Amino acid sequence: MPQQILLIEDDARLATMVQDYLGGSGFQVTVAGTGQKGLDLHRQRQFDAILLDLMLPDFDGLDLCKTIRADNATPIVMLTAKGEPMDRIIGLELGADDYLPKPFEPRELLARLKAVLRRGTTEPSHRILRFGRLEIDPDAMEARVGDRVCDLTAHQFNLLEILANRAGRVLSRDTIMNALKGENLASFDRSIDVHVSRIRAEIEDDPNKPRRLITVRGAGYVFARSQD
């Protein structure tokens, strides 16, 4: 599976060039043309690295870098036409992993991106999945809606994590059972629907009208990628 890169860049021509070049090198690049769109995508999906333009129309790039770094340790390479050493120093102090002034050669961007990805594999991050007000912390096996901790069993949390990691995809019951290998599957026999019902009772504002964990009749379940 190709590594997922988030490019936050308002220059459409440059974004297309970077997307095509990195795509030809085996990466999957998602482009956000504004800081807010980039922040929303970062909170909805798990990316392997972020390429961040510091001069955005709606967001100060350094503030956005700080906000992203507060969420998790996804590698960040800053891209900017501003060449002052102080900008680089501040950006690195805020948590960026590297800095590349514009204009740049695509080959240099590729080399720097690969370097931060290699470093990232040796430094495990605390990954939190965020979907609107719902936060899922796999390390702590804890889910929260706002300030409220969801009361889930270990089986239910594992099921929720499987669905959340595949947000936007319809998963059949057989697919879910296969993903649960290593669990005590007997506890899930004929009861996935029961577990889903109990998960909904904890994560939905109205379990009778679910908006996060949705049933697709005749197919299975889908965990909504976009949530409030």
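C150 is buried, because its relative accessibility is 9%. C65 is buried too, at 0% relative accessibility. Buried means under 20% relative accessible area, with a 1.4 Å probe and protein chains only. The structure has zero disulfides, a disulfide being a pair of cysteine sulfur atoms within 2.5 Å.

This model is predicted: local features need pLDDT of at least 70, side-chain atom pairs count only at pLDDT 80 or more, and totals for chains, interfaces and linings use all residues. Residues are numbered from 1 along each chain as its sequence is written, and side-chain values use heavy atoms, without hydrogens and water.

Now the sheet. Four strands build an open, antiparallel sheet in the order β6-β7-β8-β9. β6 (129-131) and β9 (148-149) each have a single partner strand, so one side of each lacks a neighbour in the sheet. Strands are DSSP runs (E, at least two residues) and helices are runs of H or I, at least four, numbered from the N terminus. Strands pair if DSSP finds at least two bridges between them. β8 (residues 142-145) joins β9 over two antiparallel bridges. R144 has V149 of β9 as its bridge partner.

Helix α6 (residues 154-165) lies across β6, β7 (134-137) and β8, at about 110° to β7.

On a 1 Å grid over the protein atoms alone, a cavity is a set of points where a 1.4 Å probe fits but cannot get out. The largest cavity holds about 60 Å³. α2 gives the most to its lining, with three residues.

Note on methods. Contact = heavy atoms within 4.5 Å. Axes fitted to C-alpha atoms, helices over the stretch in contact; angles between N-to-C directions. Buried < 20%, exposed > 50% of the residue type's maximum accessible area, 1.4 Å probe, protein only. 1 Å grid on protein atoms, 1.4 Å probe; cavity = no way out; pocket = protein on both sides within 12 Å on 5 of 7 lines; lining within 4 Å. Points joined across faces, edges and corners; volume = space filled by probe spheres on them.
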